[in-house]
Amino acid sequence: MFKHAVRQIVAIVSIFLCSAALALPISNYNLVVLNDFSGSVHVQGSTFIGGNLNITGASDFGYDPNLVGSAALSVVNDVFGNGVKVLNGDAAYGGDLTNPATIATNNGTVYQDKTLAAAQLTAELEAASIHYDDLTANGDITGDMNGRTFTYSGSEQVAVFDINASLFQQSNGMQFDLGVAEKVIINVSGKSANIHNAFNFRGTNNSIYDSILWNFIDTTEINFNNKFIGSVLATKADIFNGGFDMDGAVIARNYFNQNLNEIHNYIYQGDGPIIEIPSSSVEVPEPQTLAMLLLGSLLVSLFRFRKRRCLSLS
């Protein structure tokens, strides 16, 4: 418990030591699975798998030609199954290409990199999710089961909404009326979320897909039974996808695809919080004095006092 508290304190300290916002790791990846991926998928952008990649059918990665010269697919542990193809860029793995696993590339290389690790990226994404959840909601949600509208009428560039995951089950459609807001953060609470097969987004065109971030702060299971728009930040969740396309980046704890789906490169482009998690954070000493605890409490208070300023940087 104390280790977890100290890690958050370290993250908060860095907020006050930095002078400019950093881009979220989500800006660099189209798909991040912190543990294991199982199924088949087409990913337009780059992919990071923190555990094993278990391929059950032909899967393509790296449709974006800008990925040439970089790792379009990174797998920390093992790759299982045939039919992995990287269209642009390289493929790196830290464990084994298990028999009969194969990876083909068009214009890149396949290589082993045993230094690949997920701890740093996981810490950054978890800290970012906490930061976004702490932002104050400034928008309203109107409508009923037939359709919900996320409405923002303020003057800030970022619209923030708080919802419970049950709202997905209680809605057949959602749409956005954002006024002058250029980015949208929707903080979702609740242990499970079900995007049912009658759910849809109404009157929403692809011009705002990369402006929407769904932050599932404590959700541990998400079921996608229809197409979804916007980037999904769900560091604690197992995602189950029935074969429906995702128009945005996806971050999950584990990802299970029941049927082939596509993950499109509409990645959330808002700046992230000013958070740097040192690589040594895995081994943080226990707090030994009351002064350390008081310092942590003070920093948390300062962080909440300045969260309105952080919102303008998001």
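Accessible areas here come from the Shrake-Rupley method with a 1.4 Å probe, and for residues only the protein chains shown count as cover.

**View 1. The whole chain, with its surface and confidence.** This is a predicted model, in which local features need pLDDT of at least 70, side-chain atom pairs count only at pLDDT 80 or more, and totals for chains, interfaces and linings use all residues. Residues are numbered from 1 along each chain as its sequence is written, and side-chain values use heavy atoms, with hydrogens and water left out. The accessible surface of the chain comes to about 13700 Å², with 51% of that belonging to carbon and sulfur atoms. Look for 5 helices and 26 strands; helices (H or I, at least four residues) and strands (E, at least two) are DSSP runs, numbered from the N terminus. Of the 314 residues, 51% count as buried, where buried means under 20% relative accessible area, exposed over 50%, and partly exposed in between (1.4 Å probe, protein chains only). A contact means heavy atoms within 4.5 Å; among contacts between residues at least 6 apart in sequence, 57% join residues at least 24 apart.

View 2. The mean pLDDT (the predictor's confidence in each residue, from 0 to 100) of the chain is 84, and 78% of its residues reach 70 or more. Over residues 1-22 the pLDDT stays under 50, and the model has 45 contacts beyond four places in sequence for them. Residues 274-313 also have pLDDT below 50, with 68 contacts in the model beyond near neighbours in sequence. A friendly caution: where pLDDT is low, the predicted coordinates should not be read in detail.

**View 3. Strand 17 and its two parallel partners.** Strand 17 (residues 183-189) is mostly covered, with 6 of its 7 residues buried. Strand 15 (residues 158-164) runs parallel to strand 17 and is joined to it by 7 bridges; two strands pair if DSSP finds at least two bridges between them. Here Asn 164 has Ser 189 as its bridge partner in strand 17. Strand 20 (residues 212-216) is also parallel to strand 17, through 5 bridges, and Ile 186 is partnered by Trp 214.

**View 4. Strand 7 between strands 4 and 10.** Strand 7 (residues 71-75) has 4 of its 5 residues buried, so it is largely enclosed by the rest of the structure. It is joined in parallel to strand 4 (residues 47-49) by 3 bridges and to strand 10 (residues 90-93) by 4 bridges. Follow Ser 74 across the view: it is the bridge partner of Phe 48, and its own partner in strand 10 is Ala 92.

View 5. At one end, strand 22 pairs with strand 24 (residues 246-247) in the parallel sense over 2 bridges, and Phe 228 stands opposite Met 246.

View 6. Strand 16 (residues 173-177) pairs with strand 19 in the parallel sense over 2 bridges, where Met 174 stands opposite Phe 201.

**View 7. Aromatic pairs.** Rings of Phe, Tyr and Trp (its six-membered ring) pair if their centres lie within 6.5 Å; planes under 30 degrees apart count as stacked, over 60 as edge-to-face and the rest as tilted. By this rule there are 17 aromatic pairs. Phe 37 and Tyr 255 are stacked, at 5.4 Å centre to centre and 20° between the planes. This pair links strand 2 (residues 37-39) with strand 25 (residues 250-257), the two residues being 218 apart, and both Phe 37 and Tyr 255 are buried. Phe 150 and Phe 176 are likewise stacked, at 5.3 Å and 25°, and both are buried. Ring pairs also link a cluster whose members include Phe 150, Phe 176, Phe 201, Trp 214 and Phe 228.
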